[in-house]
Amino acid sequence: MNRISWLAVPDDTTAPEGVQKLHAKARANLGFVPNVFRAQALNPDTFLAWWNDFNTLVNREGHLTNADRELLAVVVSGLNRCVYCAVSHGAALRESSGDATLADTVAVNWRHAPLSPQQAALCAYAEKLTLTPAHMTEHDLHGLRTAGLNDHAILEATQVIGMFNMTNRVSSALGFTPNAEYFMKGR
């Protein structure tokens, strides 16, 4: 069975123009259309709104490096056991860090990865916010600040962690399947 979602998935010819444009851009940049794009195209307006938010948080210059944002994505996705996001962002972390071993280790247990103090602080923060959000306190920011992150970077990290927690839940709940291309990227 080659399903990419447990829901109906529109094909390129039935998707609205905005979705078709995004698919074309993905093909030009990646060489394929991510299944998360195809699966969410069933509700094009909410998909495009999600993509705008996701793209703004993850795929731009910001207060964190691209590798740091992908590190957070892999930690959160691994903790949530989201196959789609762990695989696809594991590929992105391999490419942005240039280190396949790091990405694979982080996906299973970030504590076993050779991380800088700042990366370890980000991972610990992501873990607590993902697993026990009701237990967050102002003190949780101390480790991030001690590791050299300013308030702009802390806000960005929190937003990225929140985005991946939401996206993990959608992807897992609807059975999104990672594209085969992700498994070999960055190896």
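The largest pocket of this predicted model holds about 640 Å³ of space; a pocket is an open set of points on a 1 Å grid over the protein atoms alone, with protein on both sides within 12 Å along at least five of seven lines, and its lining residues have an atom within 4 Å of a point. Grid points are joined across faces, edges and corners, and the volume is the space filled by probe spheres set on the points. Because the model is predicted, local features need pLDDT of at least 70 and side-chain atom pairs count only at pLDDT 80 or more, while totals for chains, interfaces and linings use all residues. Residues are numbered from 1 along each chain as its sequence is written, and side-chain values use heavy atoms, with hydrogens and water left out.

**Largest pocket**

- The lining comprises 27 residues, of which Leu30, Trp51, Phe54, Asn59 and Tyr182 lie closest to the pocket centre.
- Helices α1 (17–30), α2 (35–40), α3 (44–58), α4 (66–79) and α5 (83–97) each contribute at least two lining residues; helices here are DSSP runs (H or I, at least four residues), numbered from the N terminus.
- Helix α5 provides the largest share of this lining, eight residues.
- By class, the lining consists of 15 nonpolar, eight polar and four charged residues, where Ala, Val, Leu, Ile, Met, Phe, Trp, Tyr, Cys and Pro count as nonpolar, Asp, Glu, Lys and Arg as charged, and the others, Gly among them, as polar.

**Second largest pocket**

- The second largest pocket has a volume of about 190 Å³.
- Its lining residues include Leu7, Gln40, Phe47, Trp50, Met166 and Phe176.
- At least two lining residues come from each of α2, α3 and α9, and α3 gives the largest share, three residues.
- This lining has nine nonpolar and three polar residues, and no charged ones.

**Nonpolar core**

- The largest nonpolar core has 53 residues; such a core is a set of buried Ala, Val, Leu, Ile, Met, Phe, Trp, Tyr and Cys residues joined through side-chain atoms within 4.5 Å.
- Helix α9 (residues 151–173) supplies the largest share of this core, seven residues.
- Phe37, Leu72, Val106, Leu115 and Leu144 have the most contacts inside the core.
- Beyond residues up to four places away in sequence, Phe37 touches Leu22, His23, Ala26, Phe47 and Trp51, contact meaning heavy atoms within 4.5 Å.

**Cysteines**

- The structure contains zero disulfides, a disulfide being a pair of cysteine sulfur atoms within 2.5 Å.
- Cys85 is in no disulfide, and the nearest cysteine sulfur, that of Cys82, is 3.7 Å away.
- Cys85 is buried, with a relative accessible area of 2%; buried means under 20% relative accessible area, exposed over 50%, and partly exposed in between (1.4 Å probe, protein chains only).
- The sulfur of Cys123 is 16 Å from the closest cysteine sulfur, in Cys85, and is therefore too far for a bond.
- Cys123 counts as buried because its relative accessibility is 0%.

**Individual helix residues**

- Glu127 belongs to helix α7 (residues 117–131) and, at 16% relative accessibility, counts as buried.
- Apart from neighbours within four places in sequence, Glu127 is in contact with Leu79, Trp110, Arg111 and Thr132.
- Ala73 is found in helix α4 and counts as buried, at 0% relative accessibility.
- Leaving out residues up to four places away in sequence, Ala73 touches His89 and Phe164.
- Ala73 and Gln40 are 33 residues apart along the chain, and their C-alpha atoms are separated by 19 Å.

Key:
On a 1 Å grid over the protein atoms alone, a cavity is a set of points where a 1.4 Å probe fits but cannot get out, and a pocket is an open set with protein on both sides within 12 Å along at least five of seven lines; lining residues have an atom within 4 Å of a point.
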